[in-house]
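I opened the notebook to go through this chain piece by piece. The entries follow the order in which I looked things up.

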Amino acid sequence: MEKPGSFRIQDFPVPKTNEDTALLRVSLCGICGTDKHIYKNESKSHYLGLPTNFPIIPGHEIIGTLESLGANAKRVMGLDPSEEIEEGARVVPIVDLRCENCWACRNFPGWPVCEKGETYGWGISSKDPPHLFGGFADSMYVLPNTKLVRVPDDLPDKIAVFAEVLAVGITTFQRVLHQSQLYGEGTPLVGDVVIQGSGPLALAHVITAKIMGANRIIVVGKPRYRVDYFKQTFKVDHVLNVDQTTTDGRIKEVMDILGGKGADLVIECTGYPEVVEEGLTYVKPFGTYVIAGIYTDLGRSSTINVQKLISGKYATVVGVPGQTAISYRSALRVLSKYKSTMPFDQIVTHTFTLDQIDKAMEKALSEESMKVAVGI
């Protein structure tokens, strides 16, 4: 992608690796909301003000097989030292790179807050050799400071490709658990959850809420395809279609379902700041509001009544602009453990080959899909 709205297939020479690097043969790569924002030229910047360094090879929801692995890379790239990685292993790369030396890395290890951070798929340009720094490619060059998580042998690529997204949902619950234990109904596990949005990120939070034992889960989203998907495939307790309701009507319906008090936990998964005021309205006293979808700065803002919606309710507001390193491993374990009892094989609803990338993006933008993936 040399500029927003335009894909071009380009051949690059296969790079040679050294003792500190690796080459990953990409099996599948999901299309993320961030990819769509970049394509639509909506992205002003990303977390920490990082730019999109065109030209880029997009794609950061990646699963692949290690084709080449340097001796030192084999020793240090594995996130879990007990899970040996070698050539031929299937892995998910942790795509947020950290320098490990800045103030943020030293004080918050494992979190994507590096002051010098880069990210595969948009933060590293494909302009200069070895070029291959994104998932919409046959192969990806793996830099020395990358960590890799081994994929369980029993987990198909089509399910494992969801690990990066599910890791965000897991990180959300990691961040809110203590607060909910103090002031919720014991934990968010037996409390009520409202999720704004009905795309893959919302699905990641639905899955996490379910395995954590949430009482009732309400999804507020659109269009009809996705509303029906949440009802029929993942059996969410209540789903409200934004296209068929008004804001006041939705608020009344959600509050009626929840007995007039609101939800213990409300999670924004839309990517748009305009929904924040409505979301805060759903929060019960001492409840928690999580902003997980607004990762990209769209140049938009939200004006809210802070006293009424936050301080007056003793509400907690939590930002989750990414995921921890360890949450990737947790996500793969969840996908492996629950694949026989939850319909994970239906998360990826559409797959395309690389030469069909325009059709893949068109399908993702239409929202007549859940997760769209590109690969071989």
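Which residues of helix 6 are buried? I list P200, L201, A202, L203, A204, H205, V206, I207, T208 and A209. Buried here means under 20% relative accessible area, exposed over 50%, and partly exposed in between, with a 1.4 Å probe and protein chains only.

Ground rules first. I am working on a predicted model, where local features need pLDDT of at least 70, side-chain atom pairs count only at pLDDT 80 or more, and totals for chains, interfaces and linings use all residues. Residues are numbered from 1 along each chain as its sequence is written, and side-chain values use heavy atoms, with hydrogens and water left out.

**Helix 6**

I stayed with helix 6 (residues 200-211). Ten of its twelve residues are buried, so helix 6 is largely enclosed by the rest of the structure. I checked its span next: 17 Å from first C-alpha to last, close to the 16 Å expected at 1.5 Å a residue. The expected span is 1.5 Å times one less than the number of residues. After helix 6 comes G213, and its phi is positive, near 85°. Helices (H or I, at least four residues) and strands (E, at least two) are DSSP runs, numbered from the N terminus.

What is the strand order of the open sheet of six strands? I read 10-9-8-11-12-13, with parallel pairing. The edges are strand 10 (238-241) and strand 13, each pairing on one side only. Neighbouring strands are turned by 15° against each other on average, direction ignored. Helix 6 packs on this sheet and touches strand 8, strand 9 and strand 11 (263-268). Its direction makes about 175° with that of strand 9. Axes are lines fitted to C-alpha atoms, for helices over the stretch in contact, and angles run from 0 to 180 degrees between N-to-C directions.

Strand 8 (residues 193-196) and strand 9 (residues 217-221) run parallel, joined by four bridges. Two strands pair if DSSP finds at least two bridges between them. Q196 has V220 in strand 9 as its bridge partner. Helix 7 (residues 224-232) lies across strand 9 and strand 10, at about 175° to strand 10.

**T324**

Where does T324 lie? I found T324 in the loop between strand 13 (316-319) and helix 11 (325-338). T324 is buried, at a relative accessible area of 5%. Leaving aside neighbours within four places in sequence, T324 is in contact (heavy atoms within 4.5 Å) with G110, W111, T171 and Q174.

**Cysteines**

How many disulfides does the rule give? I count zero, taking a disulfide as a pair of cysteine sulfur atoms within 2.5 Å. The sulfur of C29 has its closest cysteine sulfur in C32, 9.3 Å away, too far for a bond. C29 is buried at 0% relative accessibility. For C114 the closest cysteine sulfur is in C99, at 3.6 Å, which is also too far for a bond. C114 is buried too, at 3%.

**Whole chain**

I closed with the totals. The protein chain has twelve helices and 15 strands. Of its 376 residues, 56% count as buried. Its C-alpha atoms fill a box of roughly 60 × 40 × 40 Å along the principal axes. Among contacts with a separation of 6 or more, 74% come from residues 24 or more positions apart.
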